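Subject: Structure handover

Dear colleague,

I am passing on to you the structure that follows, together with some notes on what was found in it. Please look through it alongside the text below.

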Amino acid sequence: MDEKNSAGIDRRTVLKTAGAAGLMLAAGSAGAVAAPPRKRYAVVGVGSRARMFTNAMTGKFRDTSEVVAICDKNAGRLARAVKLVTETGASQPRGYAASDFERMIREAKPQFVIVTTPDASHDDYIVRALEAGCDVITEKPMTTTAEKAQRIIDAVKRTGRQVRVTFNYRYSPPRTQIKELLMSGEIGDVISVDFTWLLNTVHGADYFRRWHSNKAMSGGLMVHKSTHHFDLVNWWLGAQPETVHAFGSRQFYTPETARRMGLSGPHERCLTCPEKQKCNFYFDLASDPGLKALYLDNERYDGYYRDQCVWRPEINIEDTMNVMVRYDNGAHLNYALSAYDAWEGYHIAFNGTKGRIEHRIVESGGAAGAAKVQSGSEAVSIRVIPLRGQPRDIEPIIGKGSHGGGDDVMLTEIFGDGPADKYKRASDERAGAWSALVGVAANKCFETGQTVRIADLVAGLTPPDRAPMPDRRAPVPMPIRIKIP
Ligand SMILES: NC(=O)c1ccc[n+]([C@@H]2O[C@H](COP(=O)([O-])OP(=O)(O)OC[C@H]3O[C@@H](n4cnc5c(N)ncnc54)[C@H](O)[C@@H]3O)[C@@H](O)[C@H]2O)c1
């Protein structure tokens, strides 16, 4: 087949250069134009993730952005966050207790509130910030239940203000490259997707130590973690999930597994564990200065333990999940997530009318605690297999930095001043809801065994702005003739 376009550039080069120039720079670079007035941000929930935002605003984007206030229910973490921002040379932000959230907005007058509290409290801060006249940037998942999603959808309509959900996974260059391939019509229109995400016994186990292990706080991994994955599929396909069926159970992180591994049973936490020598899931919170300063030193304010036993009987999230989704354009998704795997990362396959794309990222190698290998191209693969044609490997574009390079590109789009993004990676409350609701629906299936329609969960949810995808009614080329049989 003709691999050259009218400009004489082969298709592989187009994909590669479009990727390099377009995927990584589509969000633009900060600082090239005259400095606009600084935007005023308040941050609520200053734990681990908030640092990405405060570091950006006090570092690369300090000319455009200012942290004017910080709010947290833990007085120790609050004071530490104020100190860390001030130590960068930025003006000292005002610190507020969680109960003073509205007073914070009245006094500090932020234009934006960044919400980085645990998942189940997002809706409360999102709605209160919108009502107080601010726009909101919230971490994923936007929320954890259908009722909370409805509150946010209604509040956006009522106030006319904006919510942005920070789906950083979309911005990771190879994932944007997949979007480019799908948009280009390389495999026609996608009819089915097979997606498996693996979490290993280091990172995967960590969800069972923290607040994430309480479904009321995180929505379980179906919401907390899979919201990223469902959002990717929604965005990649440019379609809305319609119907969900799922199975879920907890089979690995259980008291029984602890006993089968030779322990006497679960305990409260690693710090005081009588079997810390025997348990190779032992997590030493005191040995890491950053984690110690953030969590251990501040336990006295709220009693939160960051190192709870992964075998505790009261854990109520699943570690083994299988989901089927039918989309409004007819596409089917087959998705699996497990949290005790031999390696960490994912593989996905898209089956289209003209062929198949297979894509894989190994985020962390087989050995527990093995160094991240995501930065190496050997860990990322993209293969196009035309119907009845020769498979072709596409050189992946490798990002740098956290979350496969996605965080940096996204931060530039949020705090910088880039051109319009042809991939439409910025997500509002509609994308936040469409992805979280797949997880909510799956959770409902786990309980009832019944198929769930997303339309039965919320009212007034419309499709988000999507990049144009191949026309599902357009002519499809007849594949080449082969001898059958
Ligand atoms: N996009 C990503 O890749 C990514 C990565 C990590 C975390 N996250 C998200 O970021 C959010 C925060 O996660 P984290 O890992 O930083 O958690 P964390 O436990 O480290 O921090 C949460 C902070 O919120 C505070 N807090 C708890 N309840 C509060 C309340 N009601 N009011 C005010 N403050 C409250 C805690 O004291 C703590 O300081 C979560 O929604 C998580 O899903 C996203």
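The chain holds 16 helices and 15 strands, where helices (H or I, at least four residues) and strands (E, at least two) are DSSP runs numbered from the N terminus. Please keep in mind that this is a predicted model, in which local features need pLDDT of at least 70 and side-chain atom pairs count only at pLDDT 80 or more, while totals for chains, interfaces and linings use all residues. Residues are numbered from 1 along each chain as its sequence is written.

Of the 485 residues in the chain, 46% are buried; a residue is buried if 20 or more other C-beta atoms lie within 10 Å of its own, exposed if 12 or fewer, and partly exposed in between, with C-beta atoms placed from the backbone. Helix α15 (residues 406-415) has 10 of its 10 residues buried, so it is largely enclosed by the rest of the structure. Among these buried residues are Asp-407, Asp-408 and Glu-413.

His-403 sits in the loop between β14 (392-394) and α15, and Lys-424 in the loop between α15 and α16 (429-448). His-403 counts as partly exposed because it has 18 C-beta neighbours inside 10 Å, and Lys-424 counts as partly exposed because it has 17.

Turning to the strands, six of them form an open sheet in the order β3-β2-β1-β4-β5-β6, with parallel pairing, where two strands pair if DSSP finds at least two bridges between them. Its edge strands, each pairing on one side only, are β3 (94-97) and β6 (163-165). Within the sheet, strand β1 (residues 39-44) runs parallel to strand β4 (residues 112-115) and is joined to it by four bridges, and Val-44 has Val-115 in β4 as its bridge partner.

Around the ligand there are 23 residues, of which Gly-45, Gly-47, Arg-49, Asn-74 and Glu-139 come nearest; a residue is near a molecule if its C-beta atom, placed from the backbone, lies within 6 Å of it.

Finally, there are two cis peptide bonds to look at, each with omega of about -15°: one joins Lys-140 and Pro-141, and another joins Ile-484 and Pro-485. Pro-141 lies in the loop between β5 (135-138) and α6 (146-159), whereas Pro-485 is placed in the segment after β15 (452-453).

With best wishes
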